[in-house]
Structure formats: C-alpha cells, structure tokens
Amino acid sequence: MKLTRITGIAAGLSLLVAGMQAQVSLPSVFTDHMVLQQKSEVPVWGWGSASATIKVVGSWAPQDTATTVVRSDGTWDTTLKTIGAGGPYTLSVLGDGTRELKDVMLGEVWLCSGQSNMEWTPMHGIDNSEKEVAAANYPNIRFFHIPKRGAATPQNNCEASWALCTPDRMKSTSAIAYFFGRDLQKDLNVPVGLIVSAWGGTPAEVWVPEEQVMNNPRIRDVMPDKTYPWWPVEPGVLYNQMISPVVPYALAGAIWYQGESNRDHPDSYGILLKTMVESWRKSFKKDFPFYLVQIAPFTYNAGDNGAALVREHQEWVARTVPGAGMVAVSDCVADVKNIHPTDKQSVGQRLANMALGKIYGRLDSGYESLCLKV
C-alpha cells in the first residue's frame, strides 16, 4: 500500500513536471497588440520542451504555417510570411500547449533609439503639448517601450509589452518617435509599430556590442573615463538589455538621435556610429535604413567645439554608410541654452519625410530640402 502510494505520488509529480515543461513561451516583444512587418518573412522565436514540434500560424494566411523543432536547450525559432498591411489578426503558437496573440497588426515597424532628445516625452515639455496629447488617439500606432536598464551580457527578454497609442500612453513615451510614426501612419495609412529604446545622457558606446568596441583600438583607446550615477558608460551594457531582447524582430528601419554625450571625444564618433549601424544590421539580419538626427546647437562652455566635430562625423556617416541618412534641425531651436529643444514635431516630420521619400516613394521631391542630401 505504501509503495503504491509512493508510485502514485511519483507519477503525479512526473505529470506536473511534464506539464511545466510543456508550456511554450515567447519573449515579451510578442504580445497582444503587436505590429509585425508587412510583406516579409518575420522571425518568431521562443522556448519550449526539447524536441517538441512547434507550429506558428498567422490568421492572415493559415495555409502558410511555419514549423520547427525545439532544440535541446529549449529554444526555437522560425520565420513566418506576412501579407500586406492590415488586421487585426491572431498569431497562434502551438506546441505542447498553445499561445494565441490577439489584435496583431501587419504594417511598418521602426526602432527609435538614442539619448535624451529621443527619450524626451511630452510630459517633459514640448511645443503645444496639451493639444498634441489630447489628439493622440491612433489605435493603428503601437508602442513597445523598453525600460531603461543595462546588463553585463546579452539578454533574451525585457519587461515590456505592446500598447495602443492613446493620449495617456503617448504623453509618457518618445515625442519624436510619436510624431515620426504619426506622419508615417497618416500618409501610408498602415499600422505603425514603434520600438522605443532610449536613455538620456548615454554615450554611443553603450549601444554597441562590447566586443565591437573593445576589439577596435580607434574606439577603445579614446573612450571616456568618466562615470555617472544617472546612466551607464560601459561598452555594450544597453545593447545587451535594450536592443538584444528584440533581436531579430523584423524592422523597416531605425531612427537615432544621439551624440551630445560623445562630444568630449568626438574624433572616434564617426567610426563608432558606423560600427553600431553595422552591428545592429548584422544582429537583425537586415540592412535596414538608418536615419539619424544631427545634434542641435547648444551653448556649451567657451572653447568647446566637440559638438561641431560630432556633427561633422554624423554627416560623414550619413554620406558613407549605405542606406543611412541625416536630418538637420538647427533651424528648429528657439533657445540655444536649452539642450532639449521643444520643437519635437519638426524633427519627427523630417525623419518621416525622409522615410516617405527614400523608402516608400510617397514624396517625389522636397523631402530633403531641410535634410542632408545623401
């Protein structure tokens, strides 16, 4: 009787363990309300029971089911075909268990990154903030806002989820990302997904994989030796926690606004930024367009010409890196004593116009009239 009872308990535990192992799971970038890149083969990945068969089905084309097998370490990945923009759809992941994601849209997905001028929210102060926030009802714009955290090694997940653009959501996320996405969505009339990954004050080194920095003496030997209590400066720490968790999510492109924190060592900025672009493209397995904002004028200390040199390097990157471009915003600054210009609308519009002209063919001319010609 005792042996039978022990055997029953063991069997129950085995079933419990099997049930726990059977739970197919996904990283946080795959949640309800997400936007997947249209007309593409989008990577989908996650975890499950070793050797289990995984099927991924999009309701937009159930016949195009993607099938793969979980590796011995419990990871799996596959690609799924997407059709033209639309939705809402469902995305189902079937293994030893099922995950169904709802309100999935197909459209254009952009990564929005940099330091404080990219991070800057309407709550921090922008032109016509109350009016802009009140009008920010765009259910076909979705945000995936990555928390400001670093890590010593590349991470495979982060604490974030996709959310619809509402006034409450918009006022606490990147104003430039919003205005960029709003103009794209209005002109293209497709869903737009914005992955916001920005942290004020951070130098470019933290956004580049550590080995790409440390293996290049032109970058490594001139890194800043300062540390700060408010943001990290160690190479790769934000790439590890604020970029790596969404690799290799399918992107249409990336926008970038950063450079002020590299003005103390500007001579390496061009090669550093070029290295970052190349490393991101390699990670995401796509040579996506990369559009940067030339840093705005600001009254630094007398004799400090580092910002001017950074601007020269930004122009060099825009001219020499294939698929890169730059918008100038010097005329959008009402107060050169404010390092965070409040006219974020013009910056977002110029980035959107560059994309609309160079990628989407929506503008025949004029979109570079206030931008660097590349």
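The axes of helix H9 (residues 269-284) and helix H10 (residues 306-320) come within 8 Å of each other and cross at roughly 40°. This angle makes H9 oblique to H10. The handedness of the H9 and H10 crossing is right-handed. On the H9 side, the contact is made by Tyr269, Gly270, Ile271, Leu273 and Lys274, and on the H10 side by Val310, His313, Gln314, Trp316 and Val317. The structure described here is a predicted model.

A further helix pair is formed by H5 and H11, whose axes lie 8 Å apart and pack at an angle of about 45°. H5 is therefore oblique to H11. The crossing by which H5 passes H11 is right-handed. The residues of H5 in this contact are Ala175, Ile176, Phe179, Phe180, Asp183, Leu184, Asp187 and Leu188. They meet Lys344, Gln345, Val347, Gly348, Gln349, Leu351, Ala352, Ala355 and Leu356 in H11.

Asp187 belongs to helix H5 (residues 175-188) and Arg362 to the segment after helix H11 (344-358), so the pair ties together parts that are 175 residues apart in sequence. Arg362 has a relative accessibility of 47% and counts as partly exposed. Asp187, at 27% relative accessibility, likewise counts as partly exposed.

In total, the structure holds 14 salt bridges. Side chains of opposite charge can pair when their charged atoms come close. Lys171 and Asp168 form one of these salt bridges, with 3.4 Å between the closest N and O atoms. Lys171 counts as partly exposed at 30% relative accessibility, whereas Asp168 counts as exposed at 53%. Another salt bridge brings together the side chains of Asp221 and Arg220, with an N to O distance of 3.0 Å. Here Asp221 is exposed, its relative accessibility being 53%, while Arg220 is partly exposed at 31%.

A search of the whole structure finds 17 aromatic pairs. In one of them, the ring centres of Trp207 and Trp256 are 6.3 Å apart and the planes stand at 85°, so the arrangement is edge-to-face. This pair links distant parts of the chain, 49 residues apart: Trp207 is in the loop between strand E10 (192-198) and helix H6 (210-214), and Trp256 is in strand E11 (residues 253-257). Both Trp207 and Trp256 are buried.

Trp256 also pairs with Phe290, with ring centres 6.5 Å apart. The planes of Trp256 and Phe290 are at 35°, so this pair is tilted. Because Trp256 lies in strand E11 and Phe290 in strand E12 (residues 290-293), the pair ties together parts that are 34 residues apart in sequence. The relative accessible area of Trp256 is 0%, and the residue is buried. Phe290 is buried as well, with a relative accessible area of 0%. Elsewhere in the set of aromatic pairs, ring pairs link Phe30, Trp45, Phe144, Trp162 and Tyr249 into a cluster.

Pro232 is found in the loop between helix H7 (217-220) and helix H8 (237-243). With a relative accessibility of 14%, Pro232 counts as buried, because the limit for a buried residue is under 20%. When residues up to four places away in sequence are not counted, Pro232 touches Trp199, Thr202, Pro203, Val206, Val237 and Leu238. The C-alpha atoms of Pro232 and Ala151 are separated by 9.9 Å, and the two residues are 81 residues apart along the chain.

Key
Residues numbered from 1 in each chain as written. Predicted model: local features only at pLDDT ≥ 70, side-chain atom pairs only at ≥ 80, totals over all residues. Heavy atoms only, no water. Phe/Tyr/Trp six-rings, centres within 6.5 Å; stacked < 30°, edge-to-face > 60°. Helix = DSSP H or I, 4+ residues; strand = E, 2+ residues; numbered from the N terminus. Buried < 20%, exposed > 50% of the residue type's maximum accessible area, 1.4 Å probe, protein only. Salt bridge = Lys/Arg side-chain N within 4 Å of Asp/Glu carboxyl O. Axes fitted to C-alpha atoms, helices over the stretch in contact; angles between N-to-C directions. Parallel < 35°, antiparallel > 145°, perpendicular 65-115°, else oblique. Left-handed = near helix turned anticlockwise from the far one by under 90°. Contact = heavy atoms within 4.5 Å.
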